[in-house]
Amino acid sequence: MISKKKFILYILLGGSLVFPIAGFLLRPISFESLRNQTTVRILTKEGTLIGRGKNQNQTRQDWESIHEYPNYVPEILKIAEDKRFDYHHGIDLFAGFNSLYSYLFSKGKRGGASTLTMQLVRIQNPEIRSYPVLLRKVFEIFEALRYEVWLTKSEILEAYLNSISIHSNIVGFPSASLTLFGKHIRFLSIEEAVYLTVLIRKNKPGLDELSIRYQNLSERISYKLPRLKDPNELTIDTKFKTKTDFSEHWKGENQHFLIWIRKLISIPSEEFVSSLSSELNSELHAIVNSELDGLERWNVSNASAIVLERVRGKEDELELKGMIGSKNFFEDGNGMVNGSLAYRDAGSTLKPLLYAIAIEKGFYTVNSIFSDEKYSFSLGQGGNYLPRNSDLRYWGDLTLAEALGNSRNIPAVTAINQMGVTTFYRFLQTAGFTHLKESPQFYGPGLALGSGGTSLLQLTRAYGSFPLNGILPKIRLGKIDKNPLYFGKSTRLFSGETAEELKFVLKDPKLRQRAFGRRSYLDFPFPVSIKTGTSKDYRNSWTVAFNDRYVVGAWVGNFSGERTMDVSGSFGAGRIVQNIFRSLMKDKPALDFKSSYTETRNFCRLSGKLASNQCPSIALKVRKKIILNDLCDKHQSESNPSILGVGFVYPSMGQVYLYHPSYEKDTQSIPVRVREYQTLKVPKLVWNGKTEFKPTSNGDLRLPIVRGKHSLVLYDGDIMKASVDFEVK
């Protein structure tokens with residue numbers, strides 16, 4: 001007989017085991033916690049599935065209710081993996097004994113003893129794979145018992161079917177059905193269900209092994225299935241035997257958007273309905289590729305396009321409707337580069353933004369006069385900057401509107417120097433150009449000509465400020481859980497008056513006619529404001545256009561950075577934007593822009609004042625608040641000087657010249673030009689306070705080169721008109 005002390009000891013020992021086990025089993029399990037790796041479905045505006053997000057395991061996982069599955073799917077699964085699933089409580093003792101017997105008496109060959117519940121435990125707890133075998137099995141057994149306590153058989157099946165790894169990085173039957181068969185799980189056939197079940201044991205079996213496994217399982221189920229030599233024929237992608245064949249059938253017009261949006265979605269969700277239109281994107285892709293076929297002989301290999309649309313009732317946002325990153329996502333080499341997000345030299349595309357902030361801060365008006373002359377701008381200790389126009393010509397005096405419409409470089413550099421590079425630099429950062437990481441001095445006045453670079457998405461978003469009355473828009477990308485997802489935040493960049501003035505400047509074909517001709521790809525049969533840009537050596541061709549409904553941008557060039565054969569913004573990207581805008585507007589009324597803040601006034605092209613009958617005039621939209629009383633009198637008297645007055649075109653103040661001793665001095669003379677020289681009555685030009693020179697009637701002369709610091713002073717009789725200091729080293 002057992003003594004009383006021993007009995008109490010046995011009770012205590014038993015309790016020390018039972019109570020922890022009971023405590024373990026009684027820890028509740030939430031069914032929702034099993035869905036922690038579900039990835040979001042990403043749909044187009046039309047509801048077409050274009051892909052899924054990725055979870056922390058970098059896999060794609062969809063989730064469908066067990067009621068969405070055909071009845072034969074769980075039946076086939078149980079026959080293949082756990083035929084006594086409906087009768088055990090997480091552990092199949094009979095299968096365990098069979099497995100042990102096989103291990104001991106069948107030369108190490110043993111059947112599997114893991115139930116569906118135990119497999120689900122492994123899926124939900126991937127860290128246990130690193131445990132020792134015995135410890136891992138103990139954990140699986142006790143955790144399976146706990147699952148059976150807290151979850152129904154139906155819930156366990158649902159979690160398993162949605163979580164099991166099927167093929168590559170595809171997780172769950174729903175994801176596999178959509179990827180391999182192009183159909184929702186509810187439409188899965190019996191043959192396809194068998195195929196997916198076979199892949200559970202081995203994700204990528206060889207053809208012979210796959211055929212054997214498929215046939216063995218087919219014979220064990222109650223449904224009659226045809227024999228298949230190659231079960232892979234069930235899938236939708238077997239027709240694409242090579243990458244080349246695949247790229248010919250699928251151009252991947254939505255793939256760049258898909259990859260980008262995956263990085264932006266951080267909220268756990270089942271579904272993201274994007275604003276992207278698959279129909280429009282397909283049309284954009286066709287336009288881009290058609291134009292690239294024609295541009296190929298000009299050494300152009302790629303292009304990108306963006307379409308943004310206004311959101312009804314919203315004054316601070318635009319909606320992304322189309323994004324083409326390259327001509328073919330699946331193309332070898334750079335096909336996967338998203339050209340709409342890549343940063344490149346912006347060319348002249350930043351000029352509207354430059355003039356907008358210059359006008360906003362009161363430096364200029366649209367009728368201000370600029371001198372398009374050869375200038376050398378001092379960079380302080382960094383030397384001098386000598387910008388040139390793309391046509392290598394200089395047009396003299398012209399209004400800001402004409403300078404912008406014809407994309408003249410000298411006036412733009414004049415404006416940024418007057419306003420300050422730092423001011424424009426800070427404005428660009430506010431406008432979303434957050435990639436500008438260097439100091440303003442690093443970019444210098446070349447920032448006005450695009451030296452800081454931009455991306456197509458960034459640029460089209462910034463141009464959206466003009467139709468939105470000066471508000472930088474946030475970009476609506478779609479809805480996740482019925483809540484909108486945005487790229488960027490909205491903020492006011494400039495006033496509605498400034499936005500409207502420049503909108504009309506960019507719309508007027510007469511203002512750009514001198515540079516682009518009477519007919520070009522910038523002209524439309526309906527009102528559109530447009531601006532082009534071409535970077536140095538014709539490496540990048542840009543065009544952005546907008547009306548009161550759309551903003552369309554395009555880039556053309558080579559991802560390698562190789563230069564094109566003189567493809568300008570108006571010719572390269574302009575053709576793409578022209579075709580896109582015509583397609584967008586083909587069923588819509590061509591309504592003219594409304595004037596909310598501006599009215600039309602006639603100005604003298606040479607003085608910028610209100611035009612008289614004798615003036616070469618230009619009609620511009622200017623804000624109603626401006627009081628304009630000055631009537632131009634420049635053309636009533638020939639003796640009246642230009643509004644800019646007398647001064648030195650070059651040298652510029654502080655300019656440094658270098659003397660090279662290996663060359664003849666006569667070939668290194670210093671050029672001098674005086675503006676409005678012919679208006680002086682008694683002109684006199686004094687060099688270094690001693691020597692007097694007399695320029696030509698046009699105000700030109702050349703000084704001998706001598707090392708040292710020099711000064712030039714211009715007089716009209718005894719009255720000093722201008723002076724400049726420069727140095728020869």
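**Close-up A. Phe-648 stands opposite Val-674 in strand 24.** The model is predicted, with local features requiring a pLDDT of at least 70 and side-chain atom pairs counted only at pLDDT 80 or more, whereas totals for chains, interfaces and linings use all residues. Residues are numbered from 1 along each chain as its sequence is written, and side-chain values use heavy atoms, with hydrogens and water left out. Helices (H or I, at least four residues) and strands (E, at least two) are DSSP runs, numbered from the N terminus. Two strands count as paired if DSSP finds at least two bridges between them. Strand 22 and strand 24 (residues 670–675) run antiparallel and are joined by 3 bridges. They belong to an open sheet of 3 strands, with the order 22-24-27 and antiparallel pairing. Strand 22 (647–650) and strand 27 (700–703) each have a single partner strand, so one side of each edge strand is left without a neighbour in the sheet. From one strand to the next, the twist averages 35°; axes are lines fitted to C-alpha atoms, for helices over the stretch in contact, and angles run from 0 to 180 degrees between N-to-C directions. Strands of a sheet pair through backbone hydrogen bonds, either parallel or antiparallel.

**Close-up B. Strand 8 (residues 317–324) pairs with strand 7 and with strand 14.** The pairing with strand 7 (residues 302–310) is antiparallel and extends over 6 bridges, whereas strand 14 (residues 474–480) runs parallel to strand 8 and is joined to it by 3 bridges. Glu-319 of strand 8 is the bridge partner of Glu-309, and Glu-319 also stands opposite Arg-476 in strand 14. The hairpin of strand 7 and strand 8 has 6 residues between the strands, and in this hairpin Gly-313 takes a positive phi near 85°. Strand 8 is mostly covered, with 8 of its 8 residues buried; buried means under 20% relative accessible area, exposed over 50%, and partly exposed in between (1.4 Å probe, protein chains only).

**Close-up C. Helix 18 (residues 456–463) is mostly covered.** Of its 8 residues, 8 are buried. Among them are Leu-456, Gln-458, Arg-461 and Tyr-463.

**Close-up D. The largest cavity holds about 70 Å³ of space.** On a 1 Å grid over the protein atoms alone, a cavity is a set of points where a 1.4 Å probe fits but cannot get out, and lining residues have an atom within 4 Å of a point. Grid points are joined across faces, edges and corners, and a volume is the space filled by probe spheres set on the points. The count is 1 cavity of 30 Å³ or more. Helix 14 (400–405), helix 19 (496–507) and strand 17 (529–534) each supply at least two lining residues, and the largest share, 3 residues, comes from strand 17. The lining includes Leu-404, Val-505, Arg-512, Phe-516, Ile-530 and Lys-531. It divides into 6 nonpolar, 3 polar and 2 charged residues, where Ala, Val, Leu, Ile, Met, Phe, Trp, Tyr, Cys and Pro count as nonpolar, Asp, Glu, Lys and Arg as charged, and the others, Gly among them, as polar.

**Close-up E. Cys-604 is in no disulfide.** A disulfide is a pair of cysteine sulfur atoms within 2.5 Å, and by this rule the count is 0 disulfides. For Cys-604, the nearest cysteine sulfur is that of Cys-632, 3.8 Å away. Cys-632 is likewise in no disulfide, and its nearest cysteine sulfur, that of Cys-615, is 3.5 Å away. Cys-604 is buried, with a relative accessible area of 0%, and Cys-632 counts as buried at 1% relative accessibility.

How values were computed. 1 Å grid on protein atoms, 1.4 Å probe; cavity = no way out; pocket = protein on both sides within 12 Å on 5 of 7 lines; lining within 4 Å.
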